[in-house]
Amino acid sequence: MAENTMLDLRNIHKSFFIGTPNEFEVLHGLNFTVNKGEFVSIVGQSGSGKSTLMNIIGALDRPTAGEYSLDGIDIEKAKDHELSALRNKKIGFVFQTYNLIARTTALKNVELPMMYAGMGRQERMERAKMLLEQVEMTDRMMHKPDELSGGQKQRVAIARAMANDPAIILADEPTGALDSATGRLIMDIFHKLHEEQGKTIVLITHSPELSRETQRIITLKDGSIVGESAGSWTGLNAKEGE
Ligand SMILES: Nc1ncnc2c1ncn2[C@@H]1O[C@H](COP(=O)(O)OP(=O)(O)OP(=O)(O)O)[C@@H](O)[C@H]1O
Ligand SMILES: [Mg+2]
């Protein structure tokens, strides 16, 4: 595997048991790689298998067959408790529905992944403040999620995703619940993280328009990859031949 490979998926299948003896295959042997520092989108219609694939990439679920490595780590060989540590350290998740902890402040939400990683109180608070500043949420950091707008919640969620300086940000329809102007702000934050911090980002979306903003578009249809194309993004990290 090349040194600059972040994700390497080979012949990934995923089936669900929908009552014995019926098995329903959702992903039919996917192959692709994502390089370090790439901003890639996975686009497809509802039901095409995007979230199923995101769960596999995010090590939230295991493929039924195939090989998958993330940042050089063989995922199918890792034990469950190793996977949760790996998720916390290596992956920053951003979901359509934010998935913030309701009862606690924005600041604490961002601190939590660092707490799980064993970072000291003072250090994690300072880092959480810095991350909230990056998404321009300093003035709202003592608010609880239900005191924030959708776009503000998503900015907190992105700060939380960045908490442990993940190898990769995985975003599943991050603008899906937002109006287009607010969605634009969220996309701009992803571009900033990509360009200024060199983050590897996988954006999952049903929107061809959003996918075109990324460097590379992987099109999923009925659980198979039916196309790969270059997006229109060109910028600091643009590589020749892409
Ligand atoms: N746990 C499960 N058990 C059985 N079938 C499932 C399960 N999870 C997903 N599926 C099926 O897998 C297919 C793909 O679902 P998935 O959620 O990955 O689609 P998606 O592309 O994310 O769609 P959307 O854009 O609506 O979020 C669907 O037919 C769905 O019903
Ligand atoms: Mg989905």
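How many cavities of 30 Å³ or more does a search of the whole structure find? In this predicted model, the search returns 1 such cavity. The space in the largest cavity amounts to about 50 Å³. Its lining is made up of Leu 131, Gln 134, Val 135, Ile 158, Ala 159, Met 162, Ile 189, Lys 192, Leu 193 and Gln 197. Two or more of the lining residues are given by each of helix 4 (121-134), helix 5 (150-161) and helix 6 (180-197). Of these elements, helix 6 provides the largest share of the lining, with 4 residues. Sorted by class, the lining of the largest cavity comprises 7 nonpolar, 2 polar and 1 charged residues. Rolling a probe the size of a water molecule over the atoms is what shows where empty space is left.

The residues around ligand 1 include a run of Gln 45, Ser 46, Gly 47, Ser 48, Gly 49, Lys 50, Ser 51 and Thr 52. Phe 16, Ile 18, Phe 24 and Val 26 are also found around ligand 1. By class, this shell holds 4 nonpolar, 7 polar and 1 charged residues. Both strand 2 (23-35) and helix 1 (50-57) supply at least two residues of the shell, and the largest share, 3 residues, comes from helix 1.

Polar contacts with ligand 1 involve both backbone and side-chain atoms. A polar side-chain atom of Lys 50 is placed 2.7 Å from an oxygen atom of ligand 1. For Ser 51, a polar backbone atom lies 2.9 Å from an oxygen atom of the ligand, while for Gly 49 a backbone N or O atom lies 3.1 Å from an oxygen atom of ligand 1. On its own, ligand 1 has 640 Å² of accessible area, of which the protein covers 59%.

In general, strands of a sheet pair through backbone hydrogen bonds, either parallel or antiparallel. Here, strand 1 (residues 5-17) is joined to strand 2 in the antiparallel sense over 10 bridges. Within this pairing, Asp 8 is positioned opposite Thr 33 of strand 2.

Note on methods:
Residues numbered from 1 in each chain as written. Chains lettered and ligands numbered in written order. Predicted model: local features only at pLDDT ≥ 70, side-chain atom pairs only at ≥ 80, totals over all residues. Heavy atoms only, no water. Near = heavy atom within 4 Å. Polar contact = N/O pair within 3.5 Å; in protein donor to acceptor, adjacent residues only side chain to side chain. Areas by Shrake-Rupley, 256 points an atom, 1.4 Å probe, with all protein chains shown as cover. Nonpolar A, V, L, I, M, F, W, Y, C, P; charged D, E, K, R; others polar. 1 Å grid on protein atoms, 1.4 Å probe; cavity = no way out; pocket = protein on both sides within 12 Å on 5 of 7 lines; lining within 4 Å. Points joined across faces, edges and corners; volume = space filled by probe spheres on them. Pairing = 2+ DSSP bridges.
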